[in-house]
Amino acid sequence: MNEHQILYDFKKKIECEIQKNKLFSLPIEEAYFLLFEKAGVLYKLTLINQNKIQKIIKEYYDTKQERIDELSFFQESIKWIMRWCTQYCINTPQKQAEKIQVEDIFKLMGIAYAYDRFHLFWDLHNKGIMRYRKDKNHITFNYTNEEVFKQHVCYDSLLRETTEHEGLNNISGSIRTDYKELMKQVHHLDFNCNIKVEFSGFDLEDYKEFTTALTDLFTENFLSKKKNNTYILHVNNEVGLIYSKDDWVIKIVEKSTLDTKKVIDIINFFTYDNLLKSDVSLTYFIHLKNDLLLVPEVIFSLTRPEVNALRLLAKRQFKSYDKAQNNFEYEMISKITNNIFSNYLTSNKDEKSKNIRPGMDLLIYDENNNELQVVELKYKIPVESGRDILNLDKMLEEGYNQIGEAKEYVQANVLTILEEYYGEKYKGVKPKNVDYFIITNYSIGTGGKKEIPTPILNIDHYVELMKDSNGLDKVRSSLYSKNKKIVPPVTKKYCFFKLLGYRVTYPEYKFIMKTKLLKSHLDSLQ
């Protein structure tokens, strides 16, 4: 039996055990309601006592890991339980179904989160990114290309940490007493797309207004349960907001400038469809009995509305998303050309549409030093799942191949490349240095089977490096550095979780650094 079959059989064995859970002895609508009612209690505890919620999550996830990402725990565990309800729930009610307590749901969420982690490792193993060793009831995973993965994951984490910290700093101190206004501003932090993206009967701006109204409804519901600045936790009343579809439409229309048709179109687009690969964090309107629609607070309050809307567009309307993705690349070009040192000369695929070539979306030329950058742009909506990671790696692998083709073209035309892209003034001028690399917007991926240093940078990092006259030198230095001149020393630690009697061990990589704004951090490293 080969290693893939062994791991697959293990996965099926775990799924057979999960199927026996008593939640799945209920009709699907009842199972949904109970899941969100009990999970809502756990979510509210996160707002009341951070230390206690970490202790509870670790207990049911069955791990001694230092800290669990609470957002990931809720989203991924509930996603899998919803999918299992679709697979396993009975069609007709049993005469005497077992009573399900809060603790039963917490335990199932722990199992579901452990399964999600294992499923990710299984997926990565199938793609050759991970390998494993199995010894009876113990499985140990490792990354096949560890050094590259370690640098890539920490590079992404560092830039994301600084960006999120900067975003929160922009609103801290500005709103002190108006809780509703604060919630609205926090909600709007996720919306930063400047491109008009079309969905089914509405666009992204309409959706922003819709979710702002929905946020307002949840905020009012939260405040109604506060007494003397203390939230009153109702164990049997934390499921979320439940209305008929007509009532949902009325409430959203009242709180926005959207017309009835647009609100209906948005609700329809974001309604959970009970398919095995559905993700409740994307489609969070859930059908209950009697034609009621539930929006669970534990899901809506933890979603990233703009990101999740684009992820759903990619799944349901690929052509619309593909068009939007091309526009996002032009937005990247605009961000670069408007923020780098003004003396650099740029030429992009829009200007040279008749000569679009692989790996040559954007060229940047430093006339003073006679140096050239040849850039392939790759835009990706934020990565939120194992499948997203694999899709991202596939896209970036294409980018690496494209810059290889670009290098062949430039080297074959080195005496004419500047003239072709910048005019007759540069006829016969041969650039002294040429750098070929990818610029991406969110994550530089796992690195696949590449060797470090890898020719890829995050756009925010790149723009920061290119703000003065020696920007090309700074970029080259980062590209040819194993840690991209930004990642502090990285430590490796093995973590584990238990999944229905099995122990799963995997490596985790961390850097230790006090949170700083990106510019300050970059300045300190140069």
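**Entry 1. Contacts and the whole chain**

I began with contacts, meaning heavy atoms within 4.5 Å. Among the contacts in the protein chain with a separation of 6 or more, 70% come from residues 24 or more positions apart. The model is predicted, so I noted its limits: local features need pLDDT of at least 70, side-chain atom pairs count only at pLDDT 80 or more, and totals for chains, interfaces and linings use all residues. Residues are numbered from 1 along each chain as its sequence is written, and side-chain values use heavy atoms, with hydrogens and water left out.

I then looked up the secondary structure. The protein chain has 18 helices and 14 strands. Both are DSSP runs numbered from the N terminus: helices are H or I with at least four residues, strands are E with at least two.

Next came burial. Of the 526 residues in the protein chain, 53% are buried.

**Entry 2. Helix H5 and what follows**

I checked the span of H5, residues 102–126. Its 25 residues reach 36 Å from the first C-alpha to the last, close to the 36 Å expected at 1.5 Å a residue. The expected span is 1.5 Å times one less than the number of residues. H5 is mostly covered, with 19 of its 25 residues buried. Gly128 follows H5 and has a positive phi, near 80°.

A cavity is a set of points, on a 1 Å grid over the protein atoms alone, where a 1.4 Å probe fits but cannot get out; lining residues have an atom within 4 Å of a point. Grid points are joined across faces, edges and corners, and the volume is the space filled by probe spheres set on the points. The whole structure has 4 cavities of 30 Å³ or more.

**Entry 3. Strands**

I looked at E1 (residues 130–135) and E2 (residues 138–143), which pair in the antiparallel sense over 6 bridges. Two strands pair if DSSP finds at least two bridges between them. Lys134 has Ile139 in E2 as its bridge partner. The hairpin has 2 residues between the strands, and Lys136 in it takes a positive phi near 55°.

I moved on to an open sheet of 3 strands, in the order E5-E7-E6 with antiparallel pairing. E5 (241–244) and E6 (286–287) are the edge strands, each pairing on one side only. E5 is joined to E7 (residues 292–295) by 4 bridges. One partner of interest in E7 is Leu294, paired with Ile242. Asp291 sits in the loop between E6 and E7. Asp291 is not a glycine, yet its phi is positive, about 60°. Asp291 counts as exposed because its relative accessibility is 67%.

Glu220 is in H8, residues 204–224. Thr215 touches Met183, His187 and Phe300, leaving out residues up to four places away in sequence. Glu220 is partly exposed, at 31%. With the neighbours up to four places away left out, Glu220 touches Lys180 and Lys255.

H17 (residues 471–479) has 7 of its 9 residues buried, so it is largely enclosed by the rest of the structure. Lys474 and Arg476 are among the buried ones. The buried residues pack against several elements, including strand E9 (362–366) and helix H16 (459–465).

Last, I read the loop between E11 and E12, where I found Glu451 and Pro453. Glu451 is exposed, with a relative accessible area of 67%. A cis peptide bond joins Ile452 and Pro453, with omega about 5°.

Key. Buried < 20%, exposed > 50% of the residue type's maximum accessible area, 1.4 Å probe, protein only. 1 Å grid on protein atoms, 1.4 Å probe; cavity = no way out; pocket = protein on both sides within 12 Å on 5 of 7 lines; lining within 4 Å.
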